Amino acid sequence: MKILVLTGYAGFTKRTHNICKILNNNTSVKVIKYVYGKSNFDWLKNTNMNFYEKIYCIDYILEEIENNLDKINNDDEINFKNLIKKFNLNLTKLLYSERFLVQHTHYNFFRKKFNQNEINYFLLKIFNQLEKSLEGVDLIYTYHSSSIFSYLLSAIAKLKKIKFKTLRHDGISNNFFFSDNNSQMLTKETIDIFKASQADQNSLELVQNYIQNLESGNRSNIIIRGQFQKQD
């Protein structure tokens, strides 16, 4: 069995590494990893290189693409348009899912000022990189759905009929669940679980507060607290 794993920040690298090790105890697996964070990449490379068939550092991939922005040509523009049409990709959702390209929330990328052609070039090159590394892969697993890498892997998996799983937060409770696609909507199974659950008064008040914040356009309490903390 050959699997491709997208992993990254907040301890997910070690978690997915442990998952792969446990899985390998029961069935022989070949693992390809895409990892966010150079320190995470170094940890995997220095301590576990023999376990993995290939490890790709996303930060290095993005840097290499950026270093070649001056090589953009008409063929790239044509290939980009064909890619969007062939896979029926939601370009806006894709690009805004990757903070490096559009939102620039990462401190290393505040200085970035990519134009639209450059952003499209990033997407094209990321897609090409992912597609060529999926040969012989039986299962794709991404540690979180909020990434252009996860969105593209989901799209490629659908077209090539490769099994896909991603870990998602339901956005209301503290629960994570597995999804067979990269949609941000809750699955029917998750909705059924919520409908069958008995909620106490505190829970109902929390949900009502959540709804009011949505309707009034308020950001989440976690984000607001973080903004005040930075301000202080």
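1. In helix H3 (residues 58–67), the residues Ile58, Asp59, Ile61, Leu62 and Ile65 are buried. Buried means under 20% relative accessible area, exposed over 50%, and partly exposed in between, for a 1.4 Å probe and protein chains only. Viewed down the axis of H3, these buried residues fall within an arc of 160°, so they line one face of the helix; the arc is that of the directions from the helix axis to the C-beta atoms. An α-helix has 3.6 residues a turn, so residues three or four places apart point the same way. On the other side of H3, Glu64 and Asn67 are exposed.

2. A note on the basis of these remarks follows. The model is predicted, so local features need pLDDT of at least 70 and side-chain atom pairs count only at pLDDT 80 or more, while totals for chains, interfaces and linings use all residues. Residues are numbered from 1 along each chain as its sequence is written, and side-chain values use heavy atoms, with hydrogens and water left out. Helices (H or I, at least four residues) and strands (E, at least two) are DSSP runs, numbered from the N terminus.

3. Thr7 lies in strand S1 (residues 2–7) and is buried, with a relative accessible area of 0%. The side chain of Thr7 makes a polar contact with the side chain of Thr16 at 2.8 Å, and the Thr7 side chain also reaches the backbone nitrogen of Thr13 at 3.3 Å. A polar contact is a pair of N or O atoms within 3.5 Å; within protein, one must be able to donate a hydrogen and the other to accept it, and residues adjacent in sequence count only if both atoms are side-chain atoms.

4. Which residues touch the most other members of the largest nonpolar core? They are Ile140 and Ile148, in a core of 58 residues. Such a core is a set of buried Ala, Val, Leu, Ile, Met, Phe, Trp, Tyr and Cys residues joined through side-chain atoms within 4.5 Å. Leaving aside neighbours within four places in sequence, Ile140 is in contact (heavy atoms within 4.5 Å) with residues including Leu4, Leu134, Leu153 and Phe164.

5. Two loop residues deserve attention. Asn88, in the loop between helix H4 (74–87) and helix H5 (91–96), has a phi near 50°, a positive value in a residue other than glycine. Asn88 is exposed, with a relative accessible area of 69%. Lys161, in the loop between helix H8 (148–160) and strand S5 (163–169), has a positive phi near 60° and counts as exposed at 74% relative accessibility.
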